[in-house]
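Please look over the chain shown below before reading the briefing that follows.

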Amino acid sequence: MLSQLRIIRVCCGRVKKISQMGILIVSLITLQAYADQKQLYIYNWSDYMGPETISQFEQKTGIKVTYDTFNSNEELDTYLMTQPPKYDLVAPTSNFLVKQIDAKIFQPLDKTKLPAYDKNLDSKMLKMLAQDDPGNQYSFPYMWVSTGIGYNIDEINKRFDNNPPTNSWALIFEPENASKLAECGIAWLEAPSELFPLALNYIGLNPNSADPEEYVKVAKLLNNVSPYVKYIDSTSLIDDLASGKVCVAIGWSGDVYQAMDKANQLHNGTRIDYVIPKEGTFASFDVFAIPQTAKNVDEAYQFLNYLLDPKVIADISNYIYYANPNQVATQFVDSNLTQDSDIYPPDEVLDNLFTLTPKSPRIERTIKRAWADILETRSLAHLSNEIN
Ligand code: SPD
């Protein structure tokens with residue numbers, strides 16, 4: 001009996017050892033597989049990618065993508081300027097790119113690794129982009145954006161006896177108009193770098209003014225209307241215009257079109273439109289660039305080559321409603337988009353839109369301080385409304 005027990009103990013001890021070793025081997029294999037797994041870290045704007053673009057890239061290449069999002073250039077810029085970025089691809093707007101290039105955040109693109117860059121990308125767009133990135137050395141153009149007004153047609157008509165001044169920034173920047181819209185909800189983008197140039201342009205000043213006094217002037221204008229603004233946020237307007245929670249928004253072209261699409265899906269009768277007001281607006285390019293600190297540079301190039309594929313980029317445009325600069329892709333983009341001059345601007349529209357230039361540190365400081373005042377005025381006004 002005793003000897004039988006000893007045999008069992010010997011036997012089970014071995015089984016235990018063998019199974020522990022098994023676990024160790026499996027863990028080592030898993031760790032190795034994880035270490036061998038190719039990775040790619042992407043930092044892009046929110047609501048700015050096709051629903052299957054990333055997973056299809058992963059399937060095609062075996063590269064595991066970590067995809068994070070941000071909501072404003074200010075947010076991305078602070079991130080890039082304050083720490084070594086952990087991403088392999090990031091997506092600033094080209095006017096922000098200028099300073100980031102100066103700060104040596106990005107590495108030049110090796111165009112020999114992007115064989116379709118010159119062939120597929122529209123040379124007119126590349127030329128525009130070259131104003132911010134001479135020789136298109138660092139940037140890979142992703143989407144073209146305009147900033148305009150998105151509005152709920154019926155709600156606005158109701159408040160302006162069917163004759164709303166939707167063709168002018170006055171709708172947003174004049175207190176007599178903003179006060180009429182406060183109750184149905186005005187949303188502003190959380191993007192002082194855009195609101196100040198728009199307001200400067202509205203009052204007939206240079207949107208790229210270098211005079212701090214002029215920024216003080218438009219700060220007053222923005223301050224005056226800020227109490228009527230429901231919120232300042234760049235991401236909620238897609239859902240909120242669609243659901244009717246706000247009736248007018250300073251918004252990016254494709255985001256407003258996404259709101260239209262959502263409203264249609266909700267079948268709630270909400271009719272939304274997008275307009276570039278008569279005073280004009282600016283055109284901007286969101287681009288991809290590779291930080292100096294990127295660890296997965298080959299994978300970043302694989303992703304950029306994937307974006308150069310006309311069908312891939314057309315699918316993204318068809319989903320996010322932004323125009324891409326890939327001329328070979330246009331045939332695959334929905335004709336509702338390509339024929340809409342607010343999304344795919346014909347040359348004469350494009351020629352009328354201005355671009356933003358980077359600001360001096362002094363102007364940036366002025367904007368920052370004035371913006372803080374505007375936010376405070378707005379919160380105080382809302383607080384006193386709540387109390388009364
Ligand atoms: N959903 C976010 C869309 C990205 C917009 N980029 C804005 C750049 C405007 N200058």
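**Charged networks and overall layout**

In this predicted model, a network of salt bridges links E155, K158, R159 and E183. The chain as a whole has 9 salt bridges by the rule applied here, and its secondary structure comprises 18 helices and 9 strands. The domain assignment divides the chain into domain 1, covering 39–145 + 285–345, and domain 2, covering 146–282 + 358–387.

**Salt bridges within the chain**

- E155 is partly exposed, its relative accessible area being 22%.
- K262 and D239 also meet through their side chains in a salt bridge, at 2.9 Å from N to O; since K262 lies in helix α13 (residues 253–266) and D239 in helix α12, this pair ties together parts that are 23 residues apart in sequence.
- D68 is partly exposed, with 24% relative accessible area.

**Interface of the two domains**

- The C-alpha centres of domain 1 and domain 2 are 27 Å apart, and 19 residues of domain 1 are in contact with 21 residues of domain 2.
- Between them the two domains bury about 1600 Å², of which 53% is on carbon and sulfur atoms.
- The rule finds 1 salt bridge across this interface, and the side chains of K99 and E364 meet in a salt bridge at 3.1 Å, N to O.
- Between domain 1 and domain 2 there are 8 residue pairs in polar contact, with both residues at pLDDT 80 or more.
- On the side of domain 1 that touches domain 2, α4 (94–102), β4 (140–152) and α15 (310–320) each supply at least two residues, and α4 gives the most, with 4 residues.
- That side of domain 1 is made up of 10 nonpolar, 4 polar and 5 charged residues.

**Burial and local detail**

- Of the 388 residues in the chain, 52% are buried, and the C-alpha atoms fill a box of roughly 100 × 55 × 45 Å along the principal axes.
- Among contacts between residues at least 6 apart in sequence, 72% join residues at least 24 apart.
- Helix α10 (residues 192–202) is mostly covered, with 11 of its 11 residues buried, including P192, F196 and Y202; just after this helix, G204 takes a positive phi of about 85°.
- S234, in the loop between β6 (231–232) and α12 (237–243), counts as buried because its relative accessibility is 4%, where buried means under 20%.
- The side chain of S234 reaches the backbone nitrogen of E190 at 2.9 Å, and, leaving aside neighbours within four places in sequence, S234 is in contact with N71, L189, E190, W252 and D255.

How values were computed. Residues numbered from 1 in each chain as written. Predicted model: local features only at pLDDT ≥ 70, side-chain atom pairs only at ≥ 80, totals over all residues. Heavy atoms only, no water. Domains from an automatic or database assignment. Contact = heavy atoms within 4.5 Å. Buried area = accessible area lost by both parts, 1.4 Å probe. Salt bridge = Lys/Arg side-chain N within 4 Å of Asp/Glu carboxyl O. Polar contact = N/O pair within 3.5 Å; in protein donor to acceptor, adjacent residues only side chain to side chain. Nonpolar A, V, L, I, M, F, W, Y, C, P; charged D, E, K, R; others polar. Buried < 20%, exposed > 50% of the residue type's maximum accessible area, 1.4 Å probe, protein only.
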